[in-house]
Amino acid sequence: MIQRLLLLPLVTLIAHAEVRVIADFEGGNAEVVKLDQATKTLRVMPEQREGRGWPCWWFFKLEGLTVGEEFTLEVQAQTKPFREKTVLAAAWCQPKQAWISVDGTTWKPSVKGTLSAEKVMSYTIKAEAAQMSLAWGPPFVPSDADKLLADIVTKLPEAKRFELAKTRDGRPVHGIRIGDENAPHQVWIGSRQHAWEAGGSQVGRGFITWYASDEAKALRAKTCLHYIPIMDVDNAAIGAGGKEAVPRDHNRDWAAAPIYPEVAAAQRMIRDIHTKHGLDVFIDLHNPGSDDPIFFFGPFAFERMTGIQQRNYQRWIDIAAASIIEPLKVQPKYRFANYVKTDEERGRMSSGWVRANTGDSTISVTLETGWNSPLMSVEGYGKVGAGLGRALAAYIGENPRRE
């Protein structure tokens, strides 16, 4: 009887434990709109990071959950303009499924959410632990990038890590070079010019993991790869969106005088690579709109191309369509960024700048991996990245520099 009485205060404490929202960590972002402890309902919206682009990314931890109980997560759009008078559409912050983790490493999708007439997305989630992490998608933060590069060097001691630049906020932008600098083929692959597009880094992780595998040994023997897991490190670190930042984002900064040190450094390295050796492939990894599939943005001048240039761009899309097949197939034809209306702005995009500053045998494309699907887990993105690697191996195997 005494033992039962001694347990009562503990039971009462557990029954009345309050749920807490925590977002003050690397990549974290959540503005609490309301938290009803009685009904176990939490509503959040992405917190606006002033001048830092789209408020669409959210990532936070919940503490004080009762294992086995269900709670409701509601996500609405940020109500404040992110730039001038522009309020971001709700679809950008409302994936069909929320992503859940107990250990911060393994992520799985929730059941499909429901969208109300007021444009509030609701997800019903069952607590599997007293603390859980929830996110817009499987996160990839700068410390993940550092760990990934360290793992690659452990597997391939000949690989060389490098610091591309220090950001405007003083953070390092890291990359890795795999292969002989004087190799007959040169490749540059990077991701996260828009910080919210974490799936780009997940695809990149799948790619570089494949590239370090035994399957890629022949490709490594004749190729020098430069890989950057996160370009917009500052915004990825603070959980900001990055896209349409003030005065411009990374993928509109490839100008004569970039404002971001990492963009200027990438330009210098790419020019140097091409001048000394010739650049064969440039690929920028992104996530597209909420209803988009997996596809490549190609060059606006594609229909007017001739000779080796036309041949290489066509061979790339043909090979990629045969190689990127899991968990969904890449579209077999290029799409074009028709929302970009001027040649001046196209020239300030990474892919356009690379085309203008390399040669006819170089291909410069953007891989857009659709994110709004439960298939786009860490593993699903990884399969896209591995397929990208196999496409690269087949493409380089044909020697794109041949006449």
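Leaving aside its neighbours within four places in sequence, with which residues is Phe296 in contact? Contact here means heavy atoms within 4.5 Å. Phe296 touches Trp316, Ile317, Ala320, Ile324, Val330, Tyr334, Arg335, Val365, Thr366, Leu367 and Leu388. The model is predicted, with local features requiring pLDDT of at least 70 and side-chain atom pairs pLDDT 80 or more, while totals for chains, interfaces and linings use all residues. Residues are numbered from 1 along each chain as its sequence is written, and side-chain values use heavy atoms, leaving out hydrogens and water.

Phe296 also belongs to the largest nonpolar core, which has 107 residues. Such a core is a set of buried Ala, Val, Leu, Ile, Met, Phe, Trp, Tyr and Cys residues joined through side-chain atoms within 4.5 Å; buried means under 20% relative accessible area, exposed over 50%, and partly exposed in between, for a 1.4 Å probe and protein chains only. Those with the most contacts inside this core are Trp58, Leu73, Ile208, Phe296, Trp316 and Leu367. Helix α10, residues 378-397, gives the most to it, with eight residues. Helices (H or I, at least four residues) and strands (E, at least two) are DSSP runs, numbered from the N terminus. Another core, of five residues, lies apart from the largest one and includes Phe295, Phe297, Ala337 and Val340.

The account now turns to the sheet. Seven strands form an open sheet in the order β11-β12-β14-β13-β15-β17-β16, with mixed pairing; two strands pair if DSSP finds at least two bridges between them. At the edges stand β11 (160-166) and β16 (295-297), each pairing on one side only. From one strand to the next, the twist averages 25°. Strands β12 (residues 172-178) and β14 (residues 223-228) run antiparallel and are joined by three bridges, and Ile176 stands opposite Tyr227 in β14.

Two helices pack on this sheet. Helix α3 (residues 198-211) touches β12, β13 (185-191), β14, β15 (281-286) and β17 (363-368), and its direction makes about 150° with that of β14. Helix α10 touches β13, β14, β15, β16 and β17, at about 165° to the direction of β15. Axes are lines fitted to C-alpha atoms, for helices over the stretch in contact, and angles run from 0 to 180 degrees between N-to-C directions.

In the segment after α10 lies Glu398, which counts as partly exposed because its relative accessibility is 27%. Not counting residues up to four places away in sequence, Glu398 touches Arg315 and Ile319. The side chains of Glu398 and Arg315 make a polar contact at 2.5 Å, a term for a pair of N or O atoms within 3.5 Å; within protein, one must be able to donate a hydrogen and the other to accept it, and residues adjacent in sequence count only if both atoms are side-chain atoms.
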